[in-house]
Amino acid sequence: MMRPDLQQPPSIEDLDLLAETSQLLTMLDRDRLLERVIQLTVRSLGAEKASLLLHPDHTEEWNQVFIKHTNGSSKVQRYDQEQSLHFARRVLDRGLAGWVVRHKQGAVIEDTEQDERWHIFPDSTSGARSALCVPFLYNDSVLGVLTLLHSAPCHFSDTQLRLLTIIANQATVAIRNAHLFNTMHRQQRQLEAILHAMPDLLLVLDEEGRLLIANEAAARLLENGATQDSVVGRELREFLHHDSVLYMIYETVENPIKTGQSISFETRSEQQRRDYLVAISAWENSQESATYPAPAGYVVVMRDITTLRDLNRFKDEMLQMASHDLRSPLALIVGYCSLIALETPEESVVRDYLNVIQRSTERMKTLLDDLLRVEQIRNSPLELHEQIDVLDLAQVVLNNVRPLVDSKQQHLEVKLSLDNLPGVVVNPLLVREAMENLISNAVKYTPVGGRITVRSYIQTGQLHFIVEDNGIGIPRQALPRVFESFYRVRQEDGEHAEGRGLGLSLVKTIIERHNGEVWVESEVGVGSRFGFWVPIE
Ligand code: ADP
């Protein structure tokens, strides 16, 4: 058998083939690309049949098979049914394709009857006598195997093997390109779907305030009837006249925000009659390189909080109603009760009834007063803060609570490290109220003769205040709730000290107004430790 000349220089046809192959790089539809590879090689190398087995992405299974039978048709069939996959596994296991995958190199079979690398399957109908097989190598792993067959021996030459290897290399790059393109495309569609599903409004701006991304909800805010596509690429400045919220965003990003920092504010769009919580943060591309300087910009997320604000407004109205419409009649009832009591004989049952009414109305009045106090503090202006001497403040607190402690014959231990301090800026009335509240709770929930320790010190720019008692303690499951308004711990024995469950919520409100934090530790039957810290300015 004569082999064709192996060292022939490439013919014009070969060069044409290479030129056509380079066109593969422009194809982004992977299936069409593979069909084209098969068509090109079959035609140019005069094969009668070709098969291409492909690895799907990121798995070890070979589950895509492309086959072309030349008999007249130019069609390439794509198979992924079980039968063709069975064929793929078989040739990869024992056939020539398997040899090529294992050795990661191409092979020419001059005569299938003489070559060990060719396995003759008993049910094979291919009738192939010669074969050419090359791997698609990428990063040292095999993405696919292309096999060309012919019924005559010695049909393929080594030169053709080299040519097919070049084509396979080009095809591999093209497959990777198509894969990357598809991945990018898929990710983009995913991102679009997420942005679309997102209830919040999202804008991504570059450093110059140009819109890079806007989801649909945000696009509608920018301009009536706008879509994502119609606003991207334009400058935020162009839309300012449309909504006052946009102006606030524009003003915020005009003063550069540091990367990682975020600014948030609540605002109302009068045009839309909606309230928004706006959060703006700076972003920076971390993959800076000399050729591609890091792009940077801002991400703006706007959450519609209209319902929340409406609730808040409703609550304010309720409180106003409570303060005016309930407090005044209550005061009248209390007043008239005392007047009637003055006129009523001591031994009359009416007098007892009046006492009950009087006590009940008094209780309702104090409850309302406490409730309104919490609101009042929540809305109190921060300008009331002033520079004070905390040691003096603590002394006043201790003097005020002393009679209370004495009334239960409790032992009060005081540990203050507040000497020689620079003035601390707080609202003294409120902080005093918070301190007194913690101490009076300790007194209230500690039995007669118990021990109460008050500690206060400055550490790392924070004023700490701690009250410890050896009282009844608080069950672990109740701890997270004790700072809630109206929450009171249910006592095992049913005994309840007087209270409305507003004291600790008041303390929390005061401390949070000072940008501080409250905390509690407690164990039933052992005692409790309540504390807070506020930053000292
Ligand atoms: P009130 O004392 O009016 O019920 P607070 O808001 O001051 O309301 O406290 C909420 C609950 O936390 C109290 O009902 C009590 O059960 C528990 N509590 C507060 N301080 C202590 C303490 N020092 N020891 C044990 N329980 C406490």
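This is a predicted model: local features need pLDDT of at least 70, side-chain atom pairs count only at pLDDT 80 or more; totals for chains, interfaces and linings use all residues.
## Around the ligand

The side chain of aspartate 469 has an N or O atom 2.9 Å from a nitrogen atom of the ligand. A polar backbone atom of glycine 501 is 3.0 Å from an oxygen atom of the ligand, and for glycine 503 the distance from a polar backbone atom to a ligand oxygen is 3.3 Å.

How much of the ligand's accessible area does the protein cover? On its own the ligand has 530 Å² of accessible area, and the protein covers 97% of this.

Strands of a sheet pair through backbone hydrogen bonds, and the pairing can be parallel or antiparallel.

Strand β13 pairs with β15 (residues 451–459) in the parallel sense, over seven bridges. Lysine 415 has arginine 455 in β15 as its bridge partner.

## The antiparallel sheet

Another open sheet is also built from five strands, in the order β8-β7-β11-β10-β9, and its pairing is antiparallel. Its edge strands, β8 (211–214) and β9 (262–269), each pair on one side only. From one strand to the next, the twist averages 20°.

Strands β7 (residues 201–206) and β11 (residues 296–304) run antiparallel and are joined by six bridges. Which residue in β11 is the bridge partner of leucine 201? The partner is methionine 302. Helix α9 (residues 306–343) packs on the sheet, where it touches β9, β10 (274–284) and β11. The directions of α9 and β10 make an angle of about 130°.

## Two residues with positive phi

Most residues other than glycine have a negative phi. Cysteine 154 is not a glycine, yet its phi is positive, at about 55°. Cysteine 154 sits in the loop between β6 (141–150) and α5 (158–197). Is cysteine 154 buried or exposed? Its relative accessibility is 10%, so cysteine 154 counts as buried, since the limit for buried is under 20%.

Phenylalanine 486 also has a positive phi, near 70°. Phenylalanine 486 is found in the loop between β16 (462–469) and α13 (503–513). With a relative accessibility of 45%, phenylalanine 486 counts as partly exposed, because exposed would require over 50%.

## The chain as a whole

The chain contains 13 helices and 18 strands. Of its 537 residues, 42% are buried. Among contacts in the chain with a separation of 6 or more, 58% are between residues 24 or more positions apart.

The accessible surface of the chain comes to about 30,500 Å². Carbon and sulfur atoms account for 51% of that surface.

Methods. Residues are numbered from 1 along each chain as its sequence is written. Side-chain values use heavy atoms; hydrogens and water are left out. Two strands pair if DSSP finds at least two bridges between them. Helices (H or I, at least four residues) and strands (E, at least two) are DSSP runs, numbered from the N terminus. Axes are lines fitted to C-alpha atoms, for helices over the stretch in contact, and angles run from 0 to 180 degrees between N-to-C directions. Contact means heavy atoms within 4.5 Å. Buried means under 20% relative accessible area, exposed over 50%, partly exposed in between (1.4 Å probe, protein chains only). A polar contact is a pair of N or O atoms within 3.5 Å; within protein, one must be able to donate a hydrogen and the other to accept it, and residues adjacent in sequence count only if both atoms are side-chain atoms. Accessible areas come from the Shrake-Rupley method with a 1.4 Å probe; for residues, only the protein chains shown count as cover.
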